[in-house]
Amino acid sequence: MSITRRSASRSVRILGVASASAALALGVAGQALACSITEFSAEATCAGDKGSIVVSDRDGSGTPAVITVFSKSDAGVEKQVGKPENVKGTAEGVTVTFAENWKPNATYRVHVKAGNKVDEDIKPDLVTPATACKKEESSTPTPSAPASTKPSKPSTPTATPTPSASESSSAPAGAPSNAPSPAAGDSNLAETGANSNTPLIAGVAGALVVVGGGAVYFGMRRRGAKSGS
């Protein structure tokens, strides 16, 4: 069976369309695997009261990249945050973290250098949230110490000394036992008034003096009379 000119021309056209479709598909696939700045992103995050700058790389081609972060002041002065970090992205995404206690509404410039494909900043610049990082409060209350169930030791009453039988019998109630006893005869000398014996004794003594004086007088007279006869 011979091939006609018309059949050959149709075959060539079909082959050309297939080739163009394959080239287009390869071109799209190549662009999908190419590294682009659009595959990088940055955000400010918190871990408790500690802040961080996190950069994500979703480059499906896996081109190694170097990430550098700079803080920008209101006057435009830049200061590098930490040191540059290396990252090799995947289609799912790989992150690299820069420790930075950022302030609210601060501005950071993030630069990406990936081989000879990307050498530019992530646009727009990163602006941190209006609220600073705060330490998370624990939702679990701290249990208080249980009250002690140990019974307290009862206090021992102080014993009151009981006086012995000999002490209670030797001393009369209401008077001290060591009080000195009055000397014999002191009561008559100290007493005065109708019960005193002092006038009687004085009278007897006076009578004895008179009797003694009369006896002496009469004795002397008898002696004188005898001597005169």
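Two strands are taken to pair if DSSP finds at least two bridges between them. Strands (E, at least two residues) and helices (H or I, at least four) are DSSP runs, numbered from the N terminus. The structure is a predicted model, in which local features need pLDDT of at least 70 and side-chain atom pairs count only at pLDDT 80 or more, whereas totals for chains, interfaces and linings use all residues. Residues are numbered from 1 along each chain as its sequence is written, and side-chain values use heavy atoms, with hydrogens and water left out.

Strand β6 (residues 107-114) has six of its eight residues buried and is therefore largely enclosed by the rest of the structure; buried denotes under 20% relative accessible area, exposed over 50%, and partly exposed the range in between (1.4 Å probe, protein chains only). Seven bridges link β6 to strand β3 (residues 64-72) in the antiparallel sense, with Ser71 opposite Tyr108 of β6. β6 also pairs with strand β7 (residues 118-121), antiparallel and over four bridges, and here His111 faces Asp121 of β7. Three residues separate the strands in the hairpin of β6 and β7, where Gly115 adopts a positive phi near 55°. A further antiparallel pairing, over two bridges, connects β6 with strand β8 (residues 126-127); in β8, Val127 is the bridge partner of Thr107.

Most residues other than glycine have a negative phi, and most peptide bonds are trans. Asn105, although not a glycine, has a positive phi of about 60°. Asn105 belongs to the loop between β5 (94-99) and β6, and its relative accessible area of 52% means that Asn105 is exposed. The peptide bond between Lys123 and Pro124 is cis, with omega about -5°, and Pro124 lies in the loop between β7 and β8.

β1 and strand β2 (residues 50-57) run antiparallel and are joined by eight bridges, Thr45 standing opposite Ser52 of β2.

The structure holds one disulfide, defined as a pair of cysteine sulfur atoms within 2.5 Å. This disulfide is formed by Cys46 and Cys133, with sulfur atoms 1.9 Å apart. Cys46 lies in strand β1 and Cys133 in the loop between β8 and α2 (165-170), so the pair ties together parts that are 87 residues apart in sequence. The torsion about the S-S bond of Cys46 and Cys133 is about -80°, and the disulfide is therefore left-handed. Cys46 is partly exposed at 42% relative accessibility, while Cys133 is buried at 17%. Cys35 is likewise buried, at 8% relative accessibility.

On the surface, Leu200, Val204 and Leu208 make up a nonpolar patch with about 320 Å² of accessible area together. Leu208 is part of helix α4 (residues 198-228) and is exposed, at 59% relative accessibility. Patches comprise residues with over 30% relative accessible area and no salt bridge, nonpolar side chains (Val, Leu, Ile, Met, Phe, Trp, Tyr) being joined within 5 Å and like charges within 9 Å. A salt bridge is a side-chain nitrogen of Lys or Arg within 4 Å of a carboxyl oxygen of Asp or Glu. Accessible areas come from the Shrake-Rupley method with a 1.4 Å probe, and for residues only the protein chains shown count as cover.
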